[in-house]
Amino acid sequence: MMLRFLILLAALALGGALAPQARAQEPLRLVLDNPVLEPLPFAVPTFIVETAGAETLAADIARVVAEDLTGTGLFRQIPQSSFISTPATFSDPVAFADWRAINAQALVVGAVTQEGGQVAVKFRVYDVFSGQEMGQGMQFAGSADGWRRMAHKVADEVYSRITGETGYFDSRVVFVAETGPKDDRAKRLAIMDYDGANVQYLTDSGAIVLAPRFSPQGDRVLYTSYETGFPRINVLEVGSLARQQLGTAPGNMAFSPRFSRDGQQVIYSLSTDGNTDIWRTDLATGQHAQLTRAPSIETAPSFSPDGSRIVFESDRSGTPQLYIMSADGGEPRRISSGDGRYGTPVWSPRGDYIAFTKQLGGRFHIGVMRTDGSAERLLTASRLDEGPTWAPNGRVIMFFRETEGEQGTASLYSVDILRGTLRRVPTPSGASDPSWGPLLR
Amino acid sequence: MNMMTKAALLIAGLGLAACTNPGRFDDANGVDVNGDGANAGIDSTTLDPAGDPRSPAYFNQTVGNRVLFAVDQSTLTDEAMQVLDGQAQWLQTNADYIAVIEGHADEQGTREYNIALGERRANAVRQYLVSQGVPAGRLQTVSYGKERPIATCSNESCYAQNRRAVTIISLGVTG
């Protein structure tokens with residue numbers, strides 16, 4: 001389901017009626033590279049209802065916008081009960097003094113119209129203390145069942161105007177939905193909004209499915225399936241659910257696939273005669289190439305954003321560690337150097353960090369390091385944390401955590417890579433192996 | 001247990017029962033000519049006694065269909081080799097059986113690494129069986145990593161049971 005949004009900039013640009021005034025201070029800006037940010041207080045009054053009957057939608061949209069922002073840990077919502085005044089119409093002049101008085105630094109004013117199955121959401125963002133609008137007002141319009149996406153788009157704009165970076169709220173995550181006891185667990189692929197809403201299933205549970213990976217374009221998903229009795233890689237079209245098996249060289253098991261940034265290449269592990277190496281298949285030509293040749297285990301490859309290098313996991317040193325090689329293979333260089341065992345490296349979409357799973361002293365951690373292995377930081381700790389995936393803007397990681405014992409179940413969490421803010425992502429059943437797709441258009 | 005194994009048990013069982021205990025079949029079971037869901041209502045254990053050294057049950061229970069591994073290891077212990085000697089002998093005697101060796105890992109490791117580790121274990125078993133004279137073409141390997149634990153607690157007593165390679169036999173043609 002692709003929603004098309006009408007974005008109206010010009011019509012709203014002149015409506016704010018803001019008199020130019022001298023800035024008393026620096027413009028509002030949250031610098032994400034600062035690791036000790038105080039959450040920025042913001043206010044979102046319930047969106048103004050411009051057509052009768054849109055009351056519920058107006059409240060729901062304002063709520064989702066606020067949840068997106070507070071969920072980052074970067075923003076703090078001022079409760080509506082402390083508001084001194086609220087705008088009656090979208091074009092009312094903003095009573096900045098009333099918002100300054102309750103220390104709101106940012107204000108989001110929105111309005112909703114609903115006619116038939118169509119909904120339009122417009123909004124403006126204000127820097128309360130300077131009394132200025134941040135950027136221009138915008139409107140998103142589409143069918144009513146896409147209202148959550150419109151709310152996420154509003155929140156992405158607010159995030160972007162205050163931080164100067166792209167948001168990640170209007171995005172989706174593919175994952176493995178898990179049900180049943182631990183020794184007979186049923187797994188199927190599922191897709192959801194980044195916040196756990198709108199779960200849909202992509203496969204049935206007839207065979208074990210593992211580790212789906214979104215294409216950077218969001219149109220396809222790679223995953224490993226045991227439907228033939230042996231693990232093989234499938235390419236699934238998200239729109240049609242059509243799927244086909246990835247062509248590989250002969251080998252009894254193919255698994256751990258990942259797309260290149262342009263979506264044209266797939267790198268993965270192939271096992272032959274008990275040994276696992278990394279291979280690449282070109283989706284256009286069907287040609288495959290062997291990238292590592294070692295008697296050790298080589299798995300979990302991930303491309304750098306520019307496609308020139310691959311980070312992967314190998315136990316050639318005796319324990320699993322992280323290595324980087326050229327995209328065409330060649331001699332790898334080890335980058336992990338701490339104690340413990342490292343796995344599942346994933347290159348950040350910004351190119352600056354590599355996320356990984358680390359086992360140390362009976363605990364599992366999700367961590368990040370620079371691409372040369374320096375500045376390692378562990379972000380989480382539990383008995384089993386695994387499988388990091390990056391938000392499209394490279395500021396947040398999602399992963400899964402499995403609880404202990406016979407009743408142990410897996411759940412999804414997200415964590416801010418600089419501040420460590422941890423957030424559970426609600427899912428209707430157990431959930432593992434998240435893969436975060438791109439920001440939607 | 002996969003469908004092929006179920007079918008093999010059933011066929012083996014029928015062959016045996018035909019001369020020893022025909023009265024055990026009733027009409028309800030007898031008319032299922034398509035073989036669809038043919039196991040419903042049939043107690044294959046009764047028809048396939050572990051006492052018969054040619055039976056899959058004998059292989060699974062008396063010879064032993066699984067071997068265990070130490071943490072992170074794929075090397076065979078003396079005890080494992082003893083079990084595999086028995087498996088090799090049985091497979092050579094019963095030449096119409098093929099086997100898939102399933103490798104498994106405990107939950108202390110990432111999904112991807114454990115799949116590769118389970119494959120290493122399955123292959124260690126396969127190599128050993130081949131070295132003892134079982135034709136390589138009758139032996140396949142597959143790894144489930146940590147996807148199919150048989151013991152579900154989260155401590156070493158369960159982990160030790162899950163670090164295993166299981167030889168699953170079935171009637172079949174050499175691949």
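Predicted model: local features only at pLDDT ≥ 70, side-chain atom pairs only at ≥ 80, totals over all residues.
Residues are numbered from 1 along each chain as its sequence is written, chains are lettered from A in the order in which they are written, and side-chain values use heavy atoms, with hydrogens and water left out.

**The interface.** The contact between the chains, where contact means heavy atoms within 4.5 Å, takes 45 residues from chain A and 28 residues from chain B. The area buried between them is about 3000 Å², and carbon and sulfur atoms give 52% of that area; buried area is the accessible area (1.4 Å probe) that two parts lose on being put together, summed over both. Arg111(B), Glu112(B) and Tyr113(B) supply 23% of the area that chain B buries against chain A, more than any other three residues.

**Salt bridges.** Over all chains, the structure holds 33 salt bridges. Two of the pairs are set out below.

| Pair | Closest N and O atoms |
|---|---|
| Arg383(A) and Glu107(B) | 2.3 Å |
| Glu165(A) and Arg395(A) | 2.6 Å |

Helices (H or I, at least four residues) and strands (E, at least two) are DSSP runs, numbered from the N terminus.

**Helix packing in chain B.** The axes of α4(B) (residues 56-64) and α5(B) (residues 78-93) come within 9 Å and cross at roughly 155°, the axes being lines fitted to C-alpha atoms, for helices over the stretch in contact, with angles that run from 0 to 180 degrees between N-to-C directions. That angle makes α4(B) roughly antiparallel to α5(B); angles under 35 degrees count as roughly parallel, over 145 as roughly antiparallel, 65 to 115 as roughly perpendicular and the rest as oblique. From α4(B), Pro56(B), Tyr58(B), Phe59(B), Val63(B) and Gly64(B) meet Val83(B), Gly86(B), Gln87(B) and Trp90(B) in α5(B). The residues of this contact divide into six nonpolar, three polar and no charged, where Ala, Val, Leu, Ile, Met, Phe, Trp, Tyr, Cys and Pro count as nonpolar, Asp, Glu, Lys and Arg as charged, and the others, Gly among them, as polar.

The axes of α5(B) and α6(B) (residues 111-131) also come within 9 Å, crossing at roughly 55°, which makes α5(B) oblique to α6(B). This contact is made by Met81(B), Leu84(B), Asp85(B), Gln87(B), Ala88(B) and Leu91(B) of α5(B) with Val125(B), Tyr128(B) and Leu129(B) of α6(B), and its residues comprise seven nonpolar, one polar and one charged.

**Helix packing in chain A.** The axes of α2(A) (residues 55-71) and α4(A) come within 8 Å and cross at roughly 45°, so α2(A) and α4(A) are oblique to each other. By class, the contact of α2(A) with α4(A) has 11 nonpolar, one polar and four charged residues.

Conventions. Salt bridge = Lys/Arg side-chain N within 4 Å of Asp/Glu carboxyl O.
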